[in-house]
Amino acid sequence: MHRKELSKITMPVVFNEPLSFLQRMAEYMEYAWLLEKADAQQDPVVRMQYVAAFAVSGLASNWERVGKPFNPLLGETYELQRDNYRIVCEQVSHHPPVSAFYADSEHWNFHGSIHPKLKFWGKSVEIQPKGLLTVELPNHGEAYTWSNVNCCVHNIIVGKLWIEQYGSMEITNHATGHRGVVTFKTAGWFSKDLHRIEGYVYDKKKKRQAFLYGKWTEFLRATDIDSYDEYMLTNSHKFRRNDKKKSDEGTAGGTNSPVHAPKKVFKKLNSITSSFRMTTETETSSEPEGGVRIEAGPQGLDDDDGEGGYPRTDSTYSIDIPNSCTLWEADPRPEHSSHYYHFTLFAMSLNELTDELRQNFSPTDCRLRPDIRLLESGDIDTGASEKGRLEEKQRDARKARKKLKQEWKARWFEQGTNPFTRQEDWLYSGGYWDRNYDHTIDIF
Ligand code: CLR
């Protein structure tokens, strides 16, 4: 296994998508209305259900998104204002790369930071989005915290890239002690559990209060425990129970040890991942169907589960537990999404630059990054050279600071401890929306 910081991986611009990672973070906001819904609930169990739906919904846009977002430059920002909320993001550290954000609205606020850690496993790369996410509902005096599940990009050497998210997401309501635990399953044999998620809401005595189920790409539903238990008496075959043994083997974020890739693969990988990825869409694995798994991916998951290591089908079995309520449903992707980096409609709107914005926003906003603009307009070569120029400018600025013994300080965030978990976090220092950007530096 081979670790590398995201900021140290350079790939040709053709493998990029025309968004900065800061904008990728802003994509958590696509279904922000779920937080409004959460706030409107009187029952803490139902509030947790909607917060869980929000946490899951923020990951839905990752489906099929295999373009690499641009590494933000140190000090780069992104802002987005919508009818009911606004969000500001900043790249607060470059080595290691850390992005922080703060979103607020009349009824809630949502903040956190992300430091994606990459591990290369041979044929796949596992991404651990380190960092903490917090939702506060001041009307209820509540704060919820969780961390995102891991993500795996399969077939980084040959074959079709695909993204899997797996592990356990644990949301804690620090005021009442309720917990929402949602497990993202691995695809499993014949992709039976592809994209499937399920979990429970517990009260502070660890008693189950609701059952949650769905697909992170599509929907999340909730039902009461009695209906669930009754349903399970006759339909248990539909579920792969995540008992202890299973989760140690594979899913549910067990502390499993990896199966190592053959040395040969590693050599090849080391020499190409840092600079180039060879894509051959036609090359397929010659593994027989359901054949013996030779090399296992990070979570015991194999890349040979389908044609060319691509999952054969989505899992289509339906679960209709009586008394279920749909908390969230993903909007379908726009028609030409697959020709446009598999963007959602929301992602497509993130580069929008109105005159009003132009007059008001910070000169560090990533909408002003020339390399991203050039990729967006299809000029890959100039985009690549501009990207090089910006990175060099960033290096020069760092050297200059070193010489003057100056330390970099984030503009809108401060490193501190999360008041609810006491973990290390980045906290918003305020002021971005006062629109005074006199002391921002020129990074483009
Ligand atoms: C997944 C959801 C997490 C936050 C997060 C961090 C890094 C992102 C990842 C998400 C999705 C996949 C991603 C990755 C950075 C690079 C990678 C966009 C959004 C793309 C697919 C490129 C992989 C390139 C390898 C071949 C090196 O909460």
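Me: How far is the ligand's oxygen atom from an N or O atom in the side chain of Tyr28?
Reply: In this predicted model, an oxygen atom of the ligand lies 3.3 Å from an N or O atom in the Tyr28 side chain. The side chain of Asn148 also has an N or O atom 3.0 Å from an oxygen atom of the ligand.

Me: And how much of the ligand's accessible area does the protein cover?
Reply: On its own the ligand has 610 Å² of accessible area, and the protein covers 96% of that.

Me: Which residues come nearest to the ligand?
Reply: There are 21 residues around the ligand, and those that come nearest are Tyr28, Asn62, Pro69, Asn148 and Ile156.

Me: Changing topic, how many salt bridges does the structure hold?
Reply: It holds 18 salt bridges. As a general point, side chains of opposite charge can pair when their charged atoms come close.

Me: Where in the chain are Arg47 and Glu142?
Reply: Arg47 sits in helix 3 (residues 44-57) and Glu142 in strand 10 (residues 142-146), so the pair links distant parts of the chain, 95 residues apart. The two form a salt bridge whose closest N and O atoms are 2.8 Å apart.

Me: Are Arg47 and Glu142 buried or exposed?
Reply: Both Arg47 and Glu142 are buried.

Me: What about Glu198 and Lys185, how do their side chains meet?
Reply: They meet in a salt bridge, with 2.9 Å from N to O. Glu198 belongs to strand 14 (residues 196-202), while Lys185 lies in the loop between strand 13 (179-184) and strand 14, and the two are 13 residues apart. Both Glu198 and Lys185 are buried.

Me: How far apart in helix 9 are Arg373 and Glu376?
Reply: They are 3 residues apart in helix 9 (residues 370-376), which means that about one helical turn separates them. Arg373 and Glu376 form a salt bridge, and their closest N and O atoms are 2.9 Å apart. Arg373 counts as partly exposed because its relative accessibility is 22%, and Glu376 counts as partly exposed at 32%.

Me: Which residues do salt bridges with shared partners join into one network?
Reply: That network consists of Glu17, Arg24, Glu27 and Arg65. Within it, a polar contact of 2.8 Å joins the side chains of Glu27 and Arg65.

Me: Where does Glu27 lie, and why does it count as buried?
Reply: Glu27 lies in the loop between helix 1 and helix 2 (33-39). Glu27 counts as buried because its relative accessibility is 1%, and buried means under 20%. Apart from its neighbours within four places in sequence, Glu27 is in contact with several residues, among them Leu19, Gly58, Thr344 and Phe346.

Me: Last one, what does the secondary structure of the whole protein come to?
Reply: It comes to 10 helices and 19 strands, and buried residues make up 53% of the 444 residues. Of the contacts between residues at least 6 apart in sequence, 63% join residues at least 24 apart.

Definitions and conventions:
Residues numbered from 1 in each chain as written. Predicted model: local features only at pLDDT ≥ 70, side-chain atom pairs only at ≥ 80, totals over all residues. Heavy atoms only, no water. Near = heavy atom within 4 Å. Polar contact = N/O pair within 3.5 Å; in protein donor to acceptor, adjacent residues only side chain to side chain. Areas by Shrake-Rupley, 256 points an atom, 1.4 Å probe, with all protein chains shown as cover. Salt bridge = Lys/Arg side-chain N within 4 Å of Asp/Glu carboxyl O. Helix = DSSP H or I, 4+ residues; strand = E, 2+ residues; numbered from the N terminus. Buried < 20%, exposed > 50% of the residue type's maximum accessible area, 1.4 Å probe, protein only. Contact = heavy atoms within 4.5 Å.
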